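Here are a few exercises to work through with the model open beside you. Try each task before reading its solution.

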Amino acid sequence: MSSPRDKIVQEAMRTLLNFVFERDFRESSHAFQLDKSCHTALNQIRMQCGKVNWFIEGDIDQQYPSINHTILIGLLRKKIQDEPFIDMIYKYLRIGYGEKLKNKKEIRPMKIGLSQGGLISPVLSNIYMHEFDV
């Protein structure tokens, strides 16, 4: 659970990330975007495809836990040159994830996964998945 201060910082980060990346996302992408939902996706299909008899809904199982931090940071660096901001996102990625080494009290940070409760996780997921849309 994030503290109120963390939530304020994450909301500011989310706003900045949306500002930088939102216009790059495909019109056909409706996940976790401002003013978009499954209803807008269905409406777009109806308007562009005419009469259809059936739909296939897709869901990527375990999407958040499988996002590679190194790849995500690389995608962010393509458009963001502010290293302190990138560093703050990198620190956010490391929160809550770790792997306890056998027979040791040490925890090694993992290199994949997003916190599912975080305010910036949806936009980071969109940035990561945008490459698949392209």
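Helices here are DSSP runs of at least four residues, numbered from the N terminus. Please keep in mind that this is a predicted model.

**Exercise 1.** Locate Val52 and decide whether Val52 is buried, partly exposed or exposed.

*Solution.* Start with the position: Val52 sits in the loop that joins helix H2 (38-49) to helix H3 (69-77). Next, take the cut-offs: buried means under 20% relative accessible area, and exposed means over 50%. Val52 has 33% relative accessibility, so Val52 is partly exposed.

**Exercise 2.** Find which residues of H3 are buried, and work out how they are arranged around the helix axis.

*Solution.* First, list the buried residues of H3: His69, Leu72, Ile73, Leu75 and Leu76. Viewed down the axis of H3, these buried residues fall within an arc of 160 degrees, so they line one face of the helix. As a reminder, an α-helix has 3.6 residues a turn, so residues three or four places apart point the same way. Then ask what covers them: the cover includes helix H1 (4-21), helix H4 (83-94) and H5. Last, check the start of H3, where a side-chain oxygen of Asn68 comes to within 2.8 Å of the backbone nitrogen of Thr70.

**Exercise 3.** Describe the surroundings of Ser125.

*Solution.* Begin with the helix: Ser125 belongs to H5 (residues 121-133). Its relative accessible area is 1%, so Ser125 is buried. Now set aside the neighbours within four places in sequence; the contacts of Ser125 are then Gln63, Tyr64, Ile67 and Leu114.

Key:
Residues numbered from 1 in each chain as written. Predicted model: local features only at pLDDT ≥ 70, side-chain atom pairs only at ≥ 80, totals over all residues. Heavy atoms only, no water. Helix = DSSP H or I, 4+ residues; strand = E, 2+ residues; numbered from the N terminus. Buried < 20%, exposed > 50% of the residue type's maximum accessible area, 1.4 Å probe, protein only. Contact = heavy atoms within 4.5 Å. Arc of directions from axis to C-beta. Polar contact = N/O pair within 3.5 Å; in protein donor to acceptor, adjacent residues only side chain to side chain.
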